[in-house]
Amino acid sequence: MRAWLMDSYDGVAKMRLGEVADPAPGPGEALLRVRFAALNPADAFLAQEQYPAKPPLPHVLGRDGVGEVLAVGPEVNHVHAGDTAGILRCDVGVQVWGTLAEKVAVPANTLAPVPQGWQLEEMAGAPLTFLTAWQALTQWSDPPAAPPAGTVLLVTGASGGVGVAAVLLGKSMGLTVVALSRSAAKGAKLKQLGADFVFDPADSDLRKKVALALAPRKVDLAVDSVGGAVFAQVVALLGYGGRISVVGRSGGPVPEFNTGTLFFRRNRIGGVAVGDYTAESAQAAWQDIVARLASMGQRPVIDKVFPFEEAIPAFARLAEGPMGKVLVRVAG
């Protein structure tokens, strides 16, 4: 089969398209013929040794994907050859070879059917970003639960994969959603998806404009996938008991900020890690996610689909800051 091979940790631009042996499903696994694979920023971070996992080389990236089940290994009863399914969260693309290949072996208990009415591309691109956003929104209670209706949610990098998912899920929970995006065109699309307010994070009056729009309320919860210089702005916008779920750092390291600003408002900062999902908890969360999207008549947002041979340009598009998910069409 053909696969995009990562021979070094010098970045995704150094990947090469090569021929390798077909994988075989082991116990509890299913062999998937990949139709579409979706790209995530974490793939590019892993390829630069900026991620905790360091799989043996050569490695195949790709955590999201959808395709047809070709065969199943021993101890698999609920998935059958001929099924079409997408991959929820697992070690595929992290510790073991991923979906930027014509075939991939995956734990069968991480496969989920394509929701009714969805395109294959939508299923390929949704699981990782929506499960990430779900954890970011629900992790502040025990057991995890949706924030109370009326909670003010701030989403940075709102036009990215996790950002779009957070906007959609936030609206499904009855939250007031404030989205940050540098693009006016993307901002208009975010309002169509349900964002109540959209602001440019580069605006020198950002804090004043957000405060005026929300007054007398403050931000209760932020989902931050950017970090960088905007992080201090997010902290400053929090109200009493405000929380930040940290998802990524596309804007680079956070400059020094006064941690004393956290004290008297009892603010909290917490990391998000989809690796904490078990197969069972991911399946349960995914069912809730799909039901919420259906109730709103919404589906995942796809930015662009690239041919399999153009995986490197697809990563370049991801780095530009797309509106939604970037996909690779692996097989017709």
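# Close-up views of side-chain pairs and a helix crossing

**View 1. Helices α6 and α7 cross with right-handed geometry.** A crossing is right-handed if the near helix is turned clockwise from the far one by less than a right angle, and left-handed if anticlockwise. This is a predicted model; local features need pLDDT of at least 70, side-chain atom pairs count only at pLDDT 80 or more, and totals for chains, interfaces and linings use all residues. Residues are numbered from 1 along each chain as its sequence is written, and side-chain values use heavy atoms, with hydrogens and water left out. Helix α6 spans residues 206-214 and helix α7 residues 230-237. Their axes come within 10 Å and cross at roughly 30°. Axes are lines fitted to C-alpha atoms, for helices over the stretch in contact, and angles run from 0 to 180 degrees between N-to-C directions. The two helices are therefore roughly parallel to each other (under 35 degrees; over 145 is roughly antiparallel, 65 to 115 roughly perpendicular, the rest oblique). Helices (H or I, at least four residues) and strands (E, at least two) are DSSP runs, numbered from the N terminus.

**View 2. Glu 309 and Arg 2 form a salt bridge.** The N to O distance is 3.0 Å. A salt bridge is a side-chain nitrogen of Lys or Arg within 4 Å of a carboxyl oxygen of Asp or Glu. By this rule the structure has 13 salt bridges. Glu 309 and Arg 2 meet in a salt bridge. The pair links distant parts of the chain, 307 residues apart: Glu 309 sits in the loop between β14 (302-307) and α9 (311-320), Arg 2 in strand β1 (residues 2-5). Glu 309 is partly exposed at 45% relative accessible area. Arg 2 is also partly exposed, at 24%. Buried means under 20% relative accessible area, exposed over 50%, and partly exposed in between (1.4 Å probe, protein chains only).

**View 3. Asp 22 meets Lys 103 in a salt bridge.** The N to O distance is 2.7 Å. Asp 22 lies in the loop between β2 (16-19) and β3 (29-38), and Lys 103 in strand β6 (residues 103-107), 81 residues apart. Asp 22 is partly exposed at 41%, whereas Lys 103 is buried at 19%.

**View 4. Asp 43 and Arg 63 form a salt bridge.** Their closest N and O atoms are 3.3 Å apart. Asp 43 lies in helix α1 (residues 41-47) and Arg 63 in the loop between α1 and β4 (64-72), so the pair ties together parts 20 residues apart in sequence. Both residues are buried. Arg 63 also lies over the face of Tyr 51, at 4.6 Å from the ring centre. A charge sits over a ring if NZ of Lys or CZ of Arg is within 6 Å of the ring centre and within 35 degrees of the ring normal.

**View 5. The rings of Trp 118 and Trp 286 pair edge-to-face.** Their centres are 5.9 Å apart and their planes at 85°. Trp 118 is in the loop between β7 (111-113) and α2 (120-125), Trp 286 in helix α8 (residues 279-296), 168 residues apart. Rings of Phe, Tyr and Trp (its six-membered ring) pair if their centres lie within 6.5 Å; planes under 30 degrees apart count as stacked, over 60 as edge-to-face and the rest as tilted. Trp 118 is buried at 11%, and Trp 286 is buried at 3%.
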